[in-house]
Amino acid sequence: MHLSIIIPVKDEEKSLEPLHNEILESLKKLELDDYEILFIDDGSKDESWNVIDKISKINSKVKGYKLIKNYGKSIALDFSFRKAKGDFLITMDADLQDDPEEIGNLLNQLNKSDCVIGWKKIRHDPLVKTIPSKIFNFACRKIFKLDIHDINCGLKGFKKKVYEKLVIYGELHRFIPIIVNDNGFSVSEIIVNHRQRKFGKSKFGVERIMRGLIDFLTISFTRKFHQRPNHFFGSIGIFLITIGGIMNLYLIFLWLFNLGPIGGRPLLFFSILMIIVGIQILSIGIIAEMILKVNQEKKNNIDEIDHKETN
């Protein structure tokens, strides 16, 4: 069994060496020496890259990749999925809050399902972070019908056939279990140990809540209409065109039977506007269908992301 461990990094210079040592201890207990550890430096501004470079010189099974700028966690993960070679893959955050001792438990659970998600049942984070998270997870369970308590836990495990097919961008890393489930793979969860942050500060903020809400709408739309976008746009367009047409027929009836002037009526302008907007929305749906047909599968060209590697 070849294992890939993926660790996205953003300004975590103090935690990287302790994390690497803890991972080695965990792998030693598991008697697992066929592994690779990939650190993805997502545009850190501290000394994280120098620490990664140092670790990679000490441990030949460590590989570092430095993205030329901060692309975000989703792009960093997507990039690493294309670089990984393991039969199994585990992701964890670099801030030491994810416990490497859980690696064995994740691997055991992967014998039962294609993807396993950690559940930080006892969480050591401030309320400003935990309360929005609970609301977010509750909404995801109800809307997407996936019984996972911690959708965005950093500790995740995948079989190769799962992560090879994962395509994430924007901020969609929050919805990986939903995407995996929609791809037809089985998803389960296990309770994992969550620890206090020792170094640095959390990247959580109000802007992340806003981005999360936008991505929530994105995943809701793409989950239902990604293979048939014109079912969404076309329905709205036809509805507006129909209503606008009915209004125009009414005005034509008034004009034909001399029941009053129609040129200055607001209803005339409103009905014409509805027809024009309806045609535009319908056109968007048709264009989306054409794009979908031409690009049925998104191509993942990792060379498009400027980066450098450890030697």
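This is a predicted model: local features need pLDDT of at least 70, side-chain atom pairs count only at pLDDT 80 or more; totals for chains, interfaces and linings use all residues.
Biologist: Let's start with strand β5, residues 115–119. How many of its five residues are buried?
Modeller: Buried here means under 20% relative accessible area. By that cut-off β5 is mostly covered, and the number of buried residues out of its five is four.

Biologist: Which strand does β5 pair with in the antiparallel sense, and which strand runs parallel to β5?
Modeller: β5 has partners in two strands, so let's take them in turn.

Biologist: On to the rings. What kind of aromatic pair do Y65 and F79 form?
Modeller: Their centres are 5.5 Å apart, and there are 75 degrees between the planes. Planes over 60 degrees apart get their own label, so this pair is edge-to-face.

Biologist: Which parts does that pair tie together, and how far apart are they in sequence?
Modeller: Y65 lies in strand β3 (residues 62–67), while F79 lies in helix α3 (residues 73–83). So the pair ties together β3 and α3, parts that are 14 residues apart in sequence.

Biologist: Is F79 buried or exposed?
Modeller: The relative accessible area of F79 is 1%. The cut-off for buried is under 20%, so F79 is buried.

Biologist: Now helix α5, residues 127–144. How far does α5 reach from its first C-alpha to its last?
Modeller: α5 has 18 residues, and at 1.5 Å a residue the expected span is 26 Å. The model comes close to that, with a reach of 25 Å.

Biologist: Why do the buried residues of α5 lie on the same side?
Modeller: The buried residues are K129, T130, S133, F136, N137, C140 and F144. They share a side of α5 because the arc they cover around the axis is only 130 degrees.

Biologist: Which residues are exposed on the other side of α5?
Modeller: Exposed means over 50% relative accessible area. On that other side of α5, the exposed residues are L127, V128, K134, I135 and K142.

Note on methods. Residues are numbered from 1 along each chain as its sequence is written. Side-chain values use heavy atoms; hydrogens and water are left out. Buried means under 20% relative accessible area, exposed over 50%, partly exposed in between (1.4 Å probe, protein chains only). Two strands pair if DSSP finds at least two bridges between them. Rings of Phe, Tyr and Trp (its six-membered ring) pair if their centres lie within 6.5 Å; planes under 30 degrees apart count as stacked, over 60 as edge-to-face and the rest as tilted. The expected span of a helix is 1.5 Å times one less than its number of residues. The arc is that of the directions from the helix axis to the C-beta atoms.
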